[in-house]
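The exercises below are to be worked with the sequence and the coordinates at hand. Each task is followed by a solution in steps.

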Amino acid sequence: MRPFDYQRADSRDHAGQLTAGEHAQAIAGGTNLLDLMKLQVETPQTLVDINRLGHREIEDRDDGGMWIGALATNTETAVHPRVRSDYPVLARAILAGATQQLRNRATTGGNLCQRTRCYYFTNIDQPCNKREPGSGCGAIEGIAKLHAVLGASSQCIATYPGDMAVAMSALDAQVEIAGADGGTRTVPVRDFHRLPGDTPWKDNVLEPGDLITGVTLPPPVKGRQLYRKVRERSSYAFALCSVAAIVAMDGDTIARADLAFGGLAHKPWHDPEVGQVLIGQKPGADLFNRAADVLLRDARGYGENDFKIPLARRTLAAVLAEATGVEL
Ligand SMILES: Cc1cc2nc3c(=O)[nH]c(=O)nc-3n(C[C@H](O)[C@H](O)[C@H](O)COP(=O)(O)OP(=O)(O)OC[C@H]3O[C@@H](n4cnc5c(N)ncnc54)[C@H](O)[C@@H]3O)c2cc1C
Ligand code: SF4
């Protein structure tokens with residue numbers, strides 16, 4: 001690990017000033033950042049501890065929605081009685097991630113900003129356009145089992161590895177960001193993470209000095225909420241494919257289908273056309289296949305991860321069958 005300065009921010013403005021420099025970085029739970037610093041993937045000159053800023057509250061909003069502070073831990077969010085009753089997809093997604101010890105430290109803001117688990121990204125001896133722009137992408141013709149089949153570019157095929165944000169995408173949650181200039185802005189979770197394009201080093205829309213202050217969940221909607229994560233082990237493993245679903249029936253037809261997918265792209269994947277195929281239709285294997293055709297119309301594998309395309313199809317069908325009570 002390289003030497004660095006450690007500063008503790010005692011107010012939002014102070015944090016903004018400290019993190020505005022290019023070589024400064026906020027630290028919350030530290031469960032991702034410290035690992036990457038030990039590997040010399042992240043080399044901040046100044047580490048800005050934001051844990052004294054508050055932003056830990058989880059509370060009701062006047063419109064019936066909820067506010068989850070940026071420094072609320074993943075455990076606090078997942079066990080909150082209202083999250084469990086009104087947003088079970090979120091509780092389930094968080095509990096599908098990492099381990100109890102990690103969830104006790106991991107925060108909302110840090111979870112949203114966690115970095116890819118691409119092997120080339122975390123190995124400084126390997127080429128990686130995300131870590132070192134212009135050095136190439138080792139994964140495209142290399143080890144790509146965890147990598148993207150949707151929305152990738154010739155520069156980077158990494159995936160966003162998290163679970164919580166996939167559920168937040170299905171819920172259409174909003175991220176509140178405080179800028180270094182003192183202003184705040186709200187960005188839908190669906191637009192918070194970026195596709196790699198020609199700038200794969202930019203994971204999300206944050207600029208230097210920006211801090212996430214929290215996430216707003218919209219008022220709860222009717223329907224079954226499910227999160228299914230397919231992975232190599234039943235714990236301590238990242239999603240090969242995951243599906244967050246909020247599905248409501250009206251009689252024998254589907255009235256609502258809010259879906260988001262993890263493990264398939266550089267961001268939680270939300271494609272409104274998948275839901276549109278389902279709404280107003282009777283659930284069944286043919287319909288689920290048509291929805292998968294839409295989801296995967298531009299999918300492309302890179303050898304090792306070709307299996308993700310049929311896996312995503314089967315996982316979507318299984319989740320829709322469970323949500324609608326259909327036997328496949
Ligand atoms: C072994 C292991 C297994 C894991 N498995 C899973 C898994 O299955 N699913 C899953 O979803 N996650 C998994 N994780 C990742 C874990 O969820 C993240 O490490 C954690 O959520 C990061 O939160 P943190 O508060 O510790 O972030 P930190 O490590 O403190 O920070 C991470 C990044 O976020 C930035 N940041 C933090 N807070 C803010 C803020 N408020 N505003 C702006 N930027 C901010 C930091 O600058 C840094 O860049 C795993 C981690 C480990 C170590
Ligand atoms: S996939 Fe992205 S993160 Fe992985 S080596 Fe290529 S550029 Fe780097």
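**Exercise 1.** What distance separates the centres of domain 1 and domain 2, taken over C-alpha atoms?

Solution. The model is a predicted one, in which local features need pLDDT of at least 70 and side-chain atom pairs count only at pLDDT 80 or more, while totals for chains, interfaces and linings use all residues. Residues are numbered from 1 along each chain as its sequence is written, chains are lettered from A and ligands numbered from 1 in the order in which they are written, and side-chain values use heavy atoms, with hydrogens and water left out.
Step 1: take the bounds, 5-49 for domain 1 and 224-324 for domain 2; such bounds come from an automatic or database domain assignment.
Step 2: the centres of the two domains, over C-alpha atoms, lie 36 Å apart.

**Exercise 2.** Describe the sheet formed by β9, β10 and β11, and the helix that packs on the sheet.

Solution. Helices (H or I, at least four residues) and strands (E, at least two) are DSSP runs, numbered from the N terminus. Two strands pair if DSSP finds at least two bridges between them.
Step 1: the order β9-β10-β11 gives an open sheet of 3 strands with antiparallel pairing. At its edges are β9 (224-230) and β11 (253-262), each pairing on one side only. Neighbouring strands are turned by 15° against each other on average, direction ignored; axes are lines fitted to C-alpha atoms, for helices over the stretch in contact, and angles run from 0 to 180 degrees between N-to-C directions.
Step 2: between β9 and β10 (residues 241-250) there are 7 bridges. Lys229 has Ser242 of β10 as its bridge partner.
Step 3: helix α5 (residues 88-95) touches β9 and β10, and its direction makes about 15° with that of β9. Contact means heavy atoms within 4.5 Å.
Step 4: α5 is largely enclosed by the rest of the structure, because 6 of its 8 residues are buried. Buried means under 20% relative accessible area, exposed over 50%, and partly exposed in between (1.4 Å probe, protein chains only). The buried residues of α5 are Pro88, Val89, Leu90, Ala91, Ala93 and Ile94.

**Exercise 3.** Is Val149 buried or exposed, and which residues does Val149 touch?

Solution. Step 1: locate Val149 in the loop between α7 (108-112) and α8 (164-170).
Step 2: its relative accessible area is 3%, so Val149 is buried.
Step 3: leaving out residues up to four places away in sequence, its contacts include Leu264, Asp298, Arg300 and Ile309.

**Exercise 4.** Which residues come nearest to ligand 1?

Solution. Step 1: a residue counts as near if one of its heavy atoms lies within 4 Å.
Step 2: there are 32 residues around ligand 1, of which Ala26, Gly30, Thr31, Thr107 and Asp163 come nearest.
Step 3: list polar contacts, that is, pairs of N or O atoms within 3.5 Å; within protein, one must be able to donate a hydrogen and the other to accept it, and residues adjacent in sequence count only if both atoms are side-chain atoms. A polar side-chain atom of Gln25 is 3.1 Å from an oxygen atom of ligand 1. For Gly29, a backbone N or O atom lies 2.9 Å from an oxygen atom of the ligand.

**Exercise 5.** Where is Tyr236 found, and what is its phi near?

Solution. Step 1: Tyr236 belongs to the loop between β9 and β10.
Step 2: its phi is near 65°, a positive value in a residue other than glycine.
Step 3: with a relative accessible area of 52%, Tyr236 is exposed.
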